[in-house]
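This briefing covers the disulfides of one protein and a helix that takes part in one of them. Have the sequence and the structure open as you read.

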Amino acid sequence: MPTIPALLLLGQLAHCILANTENPLRYKNQSSITFALVGPYSFFPSIVTNGALVIGGYDSINVTEMSDLDTWSETSWWYFNQLAATLAINRINRDPTILPNTTIQIKRFDTECGGRKHSASACAIQMALDVGEHHKDVVAAVGEFHSSSTIFSGQIFGHFQTPLCGATQSNPRLFNKNKYPYFFESDSSIQSADAYSLVLKSWNVKRVAILSQFEVYYENSYMSSFVKSLRKRDIIVVAALRRIMKLSINHIVDTLTKANSKYIIFYADPNEGATFYLSLARIQKLVGPEYVWMSVNPIYFPSNGADEWGPKYYEASRGVTLVYFGDPIQATTYSVDLANKIVADVQEFQAPWGASFDRDTLYNYFNYFQMTDCTNVLAAGIDKISKEKYTGVTQMLESPDFRADLSFKGFQNTGYRGFGGDPFTLTNSGDVASPGTLYSFNGSAYDSMTAFGFTSMDQTKVIYFEGKGPKFFDGTSTPPPDGSNVVELHFSSAQQAVIYCLLIFGSLVSGVFLCVVFKFRTENPIRTGGPTYLVFIGLGAILSFLSNLLYLGDESVLKNRARLCMQISAFAIAASASIVKNWKLESICFSKVKLRRGKWTEVYWMLAFAVMVCIDQILLLVLVITSKPMMKKSLLPDASILYVCVEGRSVHGTNMRYAIVAYNLILLLLTFRGAYTTLKISPTHSEWSMLLTNSMLWTVGVLLLPSADSLQTSLDARMREAVLIWICSIVPLGMQLTKRGLELYQLHFHDFARKLVVSHSSSSSKETRALHQPTMPLKQVQVRIRTLILFDVICALKVGLVQSKWHQGAIAIMKVRQNTYLQFFPMKKDLESSSKAYPFMPSTLNPRRIESRLIILKLMKGEVRLEFLSDEAANQFHSGILVTTIDSK
């Protein structure tokens, strides 16, 4: 028996041994960091919060109730998701190899405003602000719940430079690293879309339909990433129905039958999706050997559905295909051992409540392993950063700029070996890079599935397991036809010929018009119309004619955008040229003050024109950048299909479309205003009737053209649109060409001047003819005078097709050198007499001087017809009684 001194000596020896044996865990308390677990904690009735921070009630949650799978709900789903993060942190705190000098503390934050009725987005914003402003010790966050709320809280966490790892989000917007540099996820999202499109491509599928319980084409929806991935692999979405749970089964069946789509991508709640699928199977529609369903989410067929769906209801599930990421079948030996340890931790936790989950339960019912990955990646990343850029966590926390190192890039390659990958890596968009496992239901039981292959990590290859392959509804491995034998419609030869003829004819008219304008640009008919503006009207018409070429061939986003821009630009150019030209004319004629030379120069008017056109071009450019156009196929009653380009749901793109419509309506209204304000201007210059006709034609065109968001259901509709655009371009151009051509014809080819003045010399005479209405023989008057004055005469000026009002007065015909001038003296008080004489001979017409509204002349069949108020006045003219000689040197 040992003595007391011997025992004391043995105790001292043991104390020395223990004192010299280091316990690595004792260094864990040197520093601490805090992880925030964020989610809907107010789902639990016992929870007490202060702001968003959970301060009590967590330990009172009924674990037995949460473990009951028969009452599975979002509440139990979130409980075990956050439990995964909790137990992962406990494991990290017991692991001396990661964060060896640091303990992770936990703070829980509620994202549901304490259970009060507020929007999820508003509550998420409030929570993220609370964390960022009042809890500076939080260096990382795990969780969140809804994608729709994470797009707000994720930006706020990014503002405070706090990394957020999610395990349940699927919104593609979150993977825009310019807006969300501090967000990443552990459950594949973008990768999932690429995997599904890759599998379809490997089966040589070219056309699919999408049925979604949620949004499809909305730019921030989960399914929009599927649409983009399918398009990237040249797979056409021939039908896409959203919110299908609110649609009738018959409507869905009719739509997909017309689309003749045999492959259906299905996105719905697991339980509601199963009910929807079994409803179709019961009426034997869209389910069978010729159809292949690919479900994005798991489908939870009921375990006791025989009473409602029949004794072998689960046989209808044959061939339904799914792609799982982070699937246990892809696990390495390391991740299998890790999973066993984690499952043991969960079972140890559940033991006091008499529950026990196995690995499949945690994988199928919860995002347990994804939340575990999130927590471990955050810890591994912070550990790596603190060692590579600092001397430890303590020194890292002391640095004022350490949070700048915590963006998602710091967690891309941490070396962590997990479930989403071994090693776990992130793509450049913050999505987990992971292979997808391919499963199909075999129909032997309600939950019986068979794994038959997987996708490569980069989603470029499909690899089947040895001796296995896909099993479709008929039990074979041969993919059924995708229905692509449907005829794709194009313009017939006759329709193409019509479009080419319209283009050629319109181009010829435009070319003739531009040549006339250039050739006679200094002549009065062209000068009064503004040569520069006439050129732009012609160019706008040519641009419109060329846009019709883009109706030929297969429709594409590029052709649709180019055609839209060309047509709107053509209208803007033509309308702006007409508006500025008439605005200029209005300013000259109605200005109350004499315009100074150079004030309204052509440069300023052209600048106004350029600004109007540039505004339109800027709006079009922004529309092209912000809109989300995509190709779809319009399904016709005869089962044929037609490519159409439709606008995606983009808030900015929609706003820009409204802006462009509003701006062009303003231009249209300004053309109407121009027609009204120039009504009282001399017909020599006013084009009010032409402008009014053009404005009304453009208005009718706008009303008849289909909406930009509507689907044209036939080639005839597209043909009608092309013809309507052509008419709206050729009519204004033709009116301008006709008006200018007639004026030039009268100016250059009529010989009315020769009939008025025959000759003049030192011994010559002046021959003047006047016809009494209706007919009266003219007496030739031989005069040696310079001026002939006629009283009691009514006259009017007729230029082209436009004639002024009749006026009463006296006319003086004067001969000065080689030119003959005509001056009118009105007799009414409201008419002012002219102080200048104006040239009358066509060969000496001065366009600048002929603009006065007081010079009135009637041209009829190349003759000057003077109509008198009385026979006496006519006789006086013929006898020369009123002839006065004015001595002129």
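Cys113 sits in the loop between β4 and α4, while Cys123 belongs to helix α4, so the bond ties together parts that are 10 residues apart in sequence. The model is predicted. The count of disulfides comes to two.

**The Cys113–Cys123 bond**

- The sulfur atoms of Cys113 and Cys123 are 2.0 Å apart.
- Cys113 has 7% relative accessibility, so it counts as buried.
- Cys123 has 2% relative accessibility and also counts as buried, because the cut-off for buried is under 20%.

**The Cys165–Cys374 bond**

- Cys165 is joined to Cys374 by a disulfide, with an S to S distance of 1.8 Å.
- Cys165 lies in strand β6 (residues 164–166) and Cys374 in helix α13 (residues 368–388), so this pair ties together parts that are 209 residues apart in sequence.
- The torsion about the S-S bond of Cys165 and Cys374 is about -80°, so this disulfide is left-handed.
- Cys165 is buried, at a relative accessible area of 0%.
- Cys374 is buried, at a relative accessible area of 1%.

**Pairing order**

- How are the bonded cysteines of the protein chain paired, numbered in sequence order? The pattern is 1-2, 3-4.

**Helix α4**

- Helix α4 spans residues 120–134, which is 15 residues.
- From first C-alpha to last, α4 reaches 21 Å, close to the 21 Å expected at 1.5 Å a residue.
- Which residues of α4 are buried? They are Ser121, Cys123, Ala124, Met127, Ala128, Asp130, Val131 and Gly132.
- An α-helix has 3.6 residues a turn, so residues three or four places apart point the same way.
- Strands are among the elements that cover the buried residues of α4, including β1 (31–39), β2 (48–50), β3 (53–56), β4 (102–110) and β5 (138–143).
- Helix α5 (147–159) is also part of that cover.

**Two further cysteines**

- Are Cys565 and Cys614 buried or partly exposed?
- Cys565 counts as partly exposed, at 21% relative accessibility.
- Cys614 counts as partly exposed, at 45% relative accessibility.
- Partly exposed falls between the cut-offs of under 20% for buried and over 50% for exposed, which is why 21% and 45% are classed this way.

Technical notes:
Residues numbered from 1 in each chain as written. Predicted model: local features only at pLDDT ≥ 70, side-chain atom pairs only at ≥ 80, totals over all residues. Heavy atoms only, no water. Helix = DSSP H or I, 4+ residues; strand = E, 2+ residues; numbered from the N terminus. Expected span 1.5 Å × (residues − 1). Buried < 20%, exposed > 50% of the residue type's maximum accessible area, 1.4 Å probe, protein only. Contact = heavy atoms within 4.5 Å. Disulfide = S-S within 2.5 Å.
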